Amino acid sequence: MNFITNIKKNKKEPTEKTSTSAIAGGEGVHPHDVRMETKNLSVMYGKTVGVKNVSLPVYNEKVTAFIGPSGCGKTTFLRALNRMHDLTREAVVTGEVLLDGLDIYAPKVNPVTIRRKIGMVFQKPTPFPTMSIYNNVVAGLKLVGIRDRKLLDEVCEKALQQAALWNEVKDRLNTPGGSLSGGQQQRLSIARALAIEPEVLLMDEPTSSLDPLSSAKIEELIHDLKTKYAIAIVTHNMQQAARVSDYTAFFYVGNLVEFDETKKIFTNPSNEQTENYISGKFG
Amino acid sequence: MIQGTKSINRRRINDRIMFGLLVLSTVVVMTPLLIIIGYVVINGFNALSIDFFTQELGSPARAMQGRPTGLMHTMLGTIVVDFMALIIAVPIGIGAGIMLSEYPDHKLNPVLRIMNDTLNGMPAILKGMLAFVLVVKPMGTFSGLAGGVALAFVMIPIVARTTESALMAIPWAIREAGLAIGLPRWRVVLSTVMPAAKTGLVTGVLIAFARAAGEAAPLVFTSFGNNYMPRNWTGMIWGPVDTLPQRLYSLAISPYKEWHTMGWAAGIVLLTFVIILFVAARLLTRKKNS
């Protein structure tokens, strides 16, 4: 069952939460609560570099956007944050990923526990095909043995409310999740992620397969959700990053080029590459 | 312009030729089956009677003197043996299929794949010998159980392969979605992947079942055969029991004309049974695709 075959680790004392505000560097960056933090995180696929030596904080109650051209490693980085690479044989993760100061890649940490704290929404909506809307939402609870119908009902309603889907589906909770439209399915996937009450929400291009109206709904949703969660979102769409995020990290060929407040990245980036990308000169 | 027309004509002709070849191979595939069905029905139809379905076979004298004789015990025996095989093979085969599809990194996976393919290609008679050594020898008697074990060896590799391909057909994203909400790996397979692959799994089991149901060789020295109905039905599990494919064979090589006709009739029953299974599998697959 040991999915991780090769995690090289440098044994260091767990780092203090606050020590990372320095990473953001530039003036005007406030030391918010750091929820997650990576230290020299690298992901290799065999000999190919996915991401290289990335150190980055994810702040509580803020949205952090990862932008960059295709193949720049932003999704690879995001997936390392909840150990999704465990299933890919070739992928080797090195460095540290701290959740509340504790390394989630430490030898005794169970990835299943980690993933209950760090929820994830994928690029394509992935409702479980054979399950009803209701069962999709509560899958994370029901399938680990929670049978209390009243509790499940409550969780289901709350999660669907949070995902702004409740009003559209409340009368047909027993119909299959696959019967919803694409945008609704994506909000269903978000509701399913929220139902297990994670601390961090990772979103991998959550609106890329949706029409503009559904995208707008998801963006509103992200805006509402950030009062409760630390959110990290990968996006191809720079306008989206500018609209929804508080912090932005620009990735290019596996490297973190620049990380700062979104406002600063989009108005006055310190790095030339970032500026070229933002202004549409490439990518 | 002229050249364009030419090349279009040529492509049209090529298309006709290829399509013609496809139709030809379709006909070639269907012909043997139609000949077999026709021949079996013509020769065996007269032996199908109420007695055929309600009497036991007994000695050759019965048939030759025109006394009631039939293959009821054979049909019941077939059901008992085939279902024992099913009960043994389905959990093992599906388990192996899950291993093949869901744990590609496991050390045992490549070993299992080679062994499973070898088992699949092994002559059926050898599977009968294996069941003979494992079951008949220790029990000291031929038995339906031994026949069930032998047929299970026929089914297991087929179920494993069809399970694997049914599970592989389910998008990887479903598994990641399951893992992302904090489900353990086995739970993801059991509660999200397998339900989504249900039709494929059932189809695979039906195909394996139909394959095993037609096998005679593994039963020759396991369930052995029996001309009579056991005194009670448990005798079909613990004692020698008759099955259709094997009875078909022994009727066919017998020196009695009446038994030959019964053999053809047994062929009709067995063919009908197998065709029903395959049609059911086909219908299930079609339902899934629509």
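**Figure 1. Two helices of chain B cross each other.** H7(B) passes H10(B) in a right-handed crossing. Like everything in these close-ups, the pair comes from a predicted model. Helix H7 covers residues 144–168 of chain B, helix H10 covers residues 198–213, and the two pack at an angle of about 155° with their axes 8 Å apart. Angles over 145 degrees count as roughly antiparallel, and H7(B) and H10(B) are therefore roughly antiparallel to each other. To find the contact on H7(B), look for residues including Leu151(B), Val154(B), Ile158(B) and Ala166(B). On the H10(B) side, the residues that take part include Gly200(B), Val205(B), Phe209(B) and Arg211(B). How many nonpolar, polar and charged residues does the contact of H7(B) with H10(B) have? There are 12 nonpolar, four polar and one charged.

**Figure 2. Chain B is assigned two domains.** The domain assignment gives domain 1 of chain B as 2–47 and domain 2 as 50–289. Where the domains meet, seven residues of domain 1 of chain B are in contact with eight residues of domain 2 of chain B. On the domain 1 side of this meeting place, four residues are nonpolar, three are polar and none is charged.

**Figure 3. Chain A meets chain B.** Here, 21 residues of chain A are in contact with 16 residues of chain B. Which elements of chain A each supply at least two residues of the side that touches chain B? They are helix H3 (111–117), strand E6 (118–121), helix H4 (133–142) and helix H7 (182–195). The largest share, three residues, comes from H3(A). Sorted by class, the side of chain A that touches chain B has 11 nonpolar, five polar and five charged residues.

Figure 4. Helix H5 of chain A spans residues 149–162, and its axis comes within 8 Å of the axis of H7(A), crossing at roughly 130°. That angle makes H5(A) oblique to H7(A). What is the hand of the crossing of H5(A) and H7(A), left or right? The crossing is right-handed. Val155(A), Ala159(A), Leu160(A) and Gln162(A) are the residues of H5(A) to look for, and they meet Ala191(A), Leu194(A) and Ala195(A) in H7(A). This contact has six nonpolar residues, one polar residue and no charged ones.

**Figure 5. Six strands of chain A form an open sheet.** Strands of a sheet pair through backbone hydrogen bonds, either parallel or antiparallel. In this sheet the pairing is mixed, and the strand order is E6-E7-E8-E3-E9-E10 (chain A). E6 and strand E10 (255–261) of chain A stand at the edges with a single partner strand each, so one side of each is left without a neighbour in the sheet. On average, neighbouring strands are turned by 15° against each other, with direction ignored. For an example of a parallel pair, follow strand E7 (residues 200–204) and strand E8 (residues 230–234) of chain A, which are joined by five bridges. Within this pair, Val200(A) has Ala230(A) in E8(A) as its bridge partner.

**Figure 6. Four strands of chain A form an antiparallel sheet.** This open sheet has the order E2-E1-E4-E5 (chain A), and its pairing is antiparallel. Strand E2 (48–59) and strand E5 (102–103) of chain A are the edge strands, each with a single partner, so one side of each is left without a neighbour in the sheet. Strand E4 (residues 91–99) of chain A is joined to E5(A) by two bridges, and here Leu98(A) stands opposite Asp103(A) in E5(A). E1(A) and E4(A) pair over eight bridges in the antiparallel sense.

**Figure 7. A hairpin links strands E1 and E2 of chain A.** Strand E1 (residues 34–45) of chain A pairs with E2(A) in the antiparallel sense over eight bridges. The hairpin has two residues between the strands, and Gly46(A) takes a positive phi near 60°. Which residue of E2(A) is the bridge partner of Tyr45(A)? The partner is Thr48(A). Elsewhere along the pair, Thr38(A) stands opposite Leu56(A) in E2(A).

How values were computed. Residues are numbered from 1 along each chain as its sequence is written. Chains are lettered from A and ligands numbered from 1 in the order in which they are written. This is a predicted model: local features need pLDDT of at least 70, side-chain atom pairs count only at pLDDT 80 or more; totals for chains, interfaces and linings use all residues. Domain bounds come from an automatic or database domain assignment. Two residues are in contact if their C-beta atoms, placed from the backbone, lie within 7 Å. Ala, Val, Leu, Ile, Met, Phe, Trp, Tyr, Cys and Pro count as nonpolar, Asp, Glu, Lys and Arg as charged, and the others, Gly among them, as polar. Axes are lines fitted to C-alpha atoms, for helices over the stretch in contact, and angles run from 0 to 180 degrees between N-to-C directions. Angles under 35 degrees count as roughly parallel, over 145 as roughly antiparallel, 65 to 115 as roughly perpendicular and the rest as oblique. A crossing is left-handed if the near helix is turned anticlockwise from the far one by less than a right angle, and right-handed if clockwise. Two strands pair if DSSP finds at least two bridges between them.
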